[in-house]
Amino acid sequence: MSTNGARPLLRLNGIDTYYGQIHILENVNLQVCEGELVSLLGGNASGKSTTLKTILGIVQPRNGSVEFREEDVTGRTTSYRIKRGMAIVPENRRLFGPMTVLENLEMGAYLSREGRGRKEDFERVYTLFPLLHERRSQLAGTLSGGEQQMVAMGRALMSHPKLLLMDEPSMGLAPILVERSFEIIQQVHEAGVAMLIVEQNANMALSIADRGYVLSTGRLVLEGPASELLEHEDLRKAYLGR
Ligand SMILES: Nc1ncnc2c1ncn2[C@@H]1O[C@H](COP(=O)(O)OP(=O)(O)OP(=O)(O)O)[C@@H](O)[C@H]1O
Ligand SMILES: [Mg+2]
């Protein structure tokens, strides 16, 4: 099954993920098509980050499979999946604080097939985030939250991902910066990168998404076009715990 005739880039088929004996994800079926922007919504502890970790192979599902670019990557390492074109902007950015902005961007490029960052990769990122060029010699740990978010996105883009996974990009940002970072996400999406964005900020995430899924205690309870989910009256009350 594909959306708008586009080919599925990522497919989760019947995923069950456990931490020890605790069953976290239950029969999760999800897909992201080429060029699509998909939001994964859910309250605290609903399994959003675990879904991203399962996609990346940081945790292994007990049942089910992960397909990426029409290949079953379930048994593959995280580094293999990154080489194949996944990239992540992790929860709380996780920058290399004692390294400069430029060194952080270089680290992103190291993960890709090409190795060191090429001039055009830096230029692409600096065009998207001119501020990073201005601040390229500043230590990442001394940047503001919004600036760190830009470095985290820039770092992920250095590897030319086909699929960008983002874990709560709006977390800890002031409203104006939330808006700015969603504008940037949209820009990256328009450049053709497919994205799966984990968010608790449902309105913001759905306002830029093509489709969305809602997780509640490890099960997908709602899915559909973003415009339909936005109009879903009980979405917040019933599933997002607010
Ligand atoms: N390494 C782990 N060992 C045991 N339990 C874990 C581990 N990581 C996560 N969990 C549990 O799995 C459940 C889902 O966690 P997860 O981080 O996926 O939630 P989340 O939806 O990302 O939440 P949040 O919005 O707070 O980030 C939680 O109950 C959490 O305590
Ligand atoms: Mg999380």
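**Close-up views of the ligand and magnesium sites**

**View 1. Two residues hold the metal.** The magnesium ion (ligand 2) is coordinated by S49 (OG) and E91 (OE), at 2.0 to 2.5 Å. S49 sits in helix α1, while E91 sits in the loop between β6 (86-89) and α3 (101-110), so the pair ties together parts that are 42 residues apart in sequence. Donors are N, O and S atoms within 2.8 Å of the metal (3.2 Å for Na, K and Ca); water is not among the atoms, so sites may look incomplete. S49 counts as buried, at 16% relative accessibility. E91 counts as partly exposed, at 24%. Buried means under 20% relative accessible area, exposed over 50%, and partly exposed in between (1.4 Å probe, protein chains only).

This is a predicted model: local features need pLDDT of at least 70, side-chain atom pairs count only at pLDDT 80 or more, and totals for chains, interfaces and linings use all residues. Residues are numbered from 1 along each chain as its sequence is written, chains are lettered from A and ligands numbered from 1 in the order in which they are written, and side-chain values use heavy atoms, with hydrogens and water left out.

**View 2. Oxygen atoms of ligand 1 meet N44, S46 and G47**. The side chain of N44 has an N or O atom 2.8 Å from a ligand oxygen. For S46, a polar backbone atom is 3.2 Å from an oxygen atom of ligand 1. For G47, a backbone N or O atom lies 3.0 Å from one. The protein covers 61% of the 640 Å² of accessible area that ligand 1 has on its own. Areas come from the Shrake-Rupley method with a 1.4 Å probe; for residues, only the protein chains shown count as cover.

**View 3. Helix α1 is largely enclosed by the rest of the structure, because eight of its nine residues are buried**. Among the buried residues are K48, L52 and I55. Just after α1, G57 takes a positive phi of about 80 degrees. Helices (H or I, at least four residues) and strands (E, at least two) are DSSP runs, numbered from the N terminus.

Note on methods: A polar contact is a pair of N or O atoms within 3.5 Å; within protein, one must be able to donate a hydrogen and the other to accept it, and residues adjacent in sequence count only if both atoms are side-chain atoms.
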